[in-house]
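Dear colleague,

Please find below the structure that I am handing over to you. My notes on what was found in it follow directly after.

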Amino acid sequence: MSQHRFHRDAAVAAPARIAFIQSCWHRDIVDQARTSFLRRIEQEGYAAETVECFEVPGAFEIPLRALLLAKSGRYDAIVAAGFVVDGGIYRHEFVAASVIDALMRVQLDTEVPVLSLVLTPQQFHEHDTHRTFFRDHFVIKGEEAARACAATLVATRRLKDSTGREGRPAEAGRGAAR
């Protein structure tokens with residue numbers, strides 16, 4: 001008996017491979033996203049072993065890892081998780097925008113869906129109230145990302161199945177006289 005569980009939608013014919021990349025900065029907070037993602041993706045019908053987890057030092061390193069994983073051809077989707085906060089040295093909005101822009105470019109250039117759990121709060125202070133709030137928030141975001149990932153995998157599989165490799169409808173352009 002196969003250890004793979006399939007998504008309840010018949011459009012997914014084979015187990016999808018998912019890469020989950022997370023930054024290690026504020027690991028105790030970002031870990032919550034990974035844990036809840038893994039729990040929820042199984043509830044969506046994907047076996048835990050179909051998700052491979054990777055760590056990078058910080059959020060700025062996520063896009064390169066995403067690009068390399070997407071180019072490997074091994075993954076049907078990539079999920080990126082990180083927490084970009086104001087460190088007082090540079091504006092965290094710059095880092096967050098750079099990461100998100102690069103993740104979008106990876107997705108568009110490789111045609112591998114990339115889902116972002118890279119979050120940046122307006123304010124974050126190293127005290128229990130903020131740490132607890134964001135740990136809880138990352139649990140919710142991990143679940144949301146799993147649902148979005150499952151839906152994206154189904155939609156992408158359907159689209160790829162209904163079009164030729166060139167992105168045209170499967171029947172269009174084949175043998176047609178011009």
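**Findings**

Tyrosine 75 counts as buried, because its relative accessibility is 4% (buried means under 20% relative accessible area, exposed over 50% and partly exposed in between, with a 1.4 Å probe and protein chains only). Before going further, please note that this is a predicted model, in which local features need pLDDT of at least 70 and side-chain atom pairs count only at pLDDT 80 or more, while totals for chains, interfaces and linings use all residues. Residues are numbered from 1 along each chain as its sequence is written, and side-chain values use heavy atoms, with hydrogens and water left out.

**Aromatic pairs**

The structure holds 3 aromatic pairs (rings of Phe, Tyr and Trp, the last by its six-membered ring, pair if their centres lie within 6.5 Å; planes under 30 degrees apart count as stacked, over 60 as edge-to-face and the rest as tilted). One of them joins phenylalanine 54 and tyrosine 75 edge-to-face, at 6.1 Å centre to centre and 85 degrees between the planes. This pair links distant parts of the chain, since phenylalanine 54 is in strand β2 and tyrosine 75 is in the loop between α2 and β3, 21 residues apart (helices, H or I of at least four residues, and strands, E of at least two, are DSSP runs numbered from the N terminus). Phenylalanine 54 also counts as buried, at 16% relative accessibility.

Phenylalanine 83 and phenylalanine 138 form another edge-to-face pair, with 5.4 Å between centres and 85 degrees between the planes. Phenylalanine 83 lies in strand β3 and phenylalanine 138 in helix α4 (residues 128–162), so the pair ties together parts that are 55 residues apart in sequence.

An open sheet is formed by 4 strands in the order β2-β1-β3-β4, with parallel pairing (two strands pair if DSSP finds at least two bridges between them). Strands β2 (51–56) and β4 (114–119) stand at the edges with a single partner strand each, so one side of each is left without a neighbour in the sheet. From one strand to the next, the twist averages 15 degrees. Strand β3 (residues 77–83) is joined to β4 by 6 bridges, and glycine 82 stands opposite valine 118 in β4.

Helix α1 (residues 27–43) packs on the sheet and touches β1 (18–23), β2, β3 and β4 (contact means heavy atoms within 4.5 Å). Alanine 33 has its place in this helix and is buried, with a relative accessible area of 0%. Leaving aside neighbours within four places in sequence, alanine 33 is in contact with Phe20, Ala81, Leu117, Phe138 and Gly142.

**Helix α2**

In helix α2 (residues 62–72), the buried residues are Ile62, Pro63, Ala66, Leu69 and Ala70. The face turned away from that buried side carries the exposed residues Leu64 and Lys71. Just after α2, glycine 73 takes a positive phi of about 80 degrees.

**Confidence**

The chain has a mean pLDDT of 80, and 74% of its residues reach 70 or more (pLDDT is the predictor's confidence in each residue, from 0 to 100). Over residues 165–178 the pLDDT is below 50. Where pLDDT is low, the predicted coordinates should not be read in detail.

With kind regards

Key:
Axes fitted to C-alpha atoms, helices over the stretch in contact; angles between N-to-C directions.
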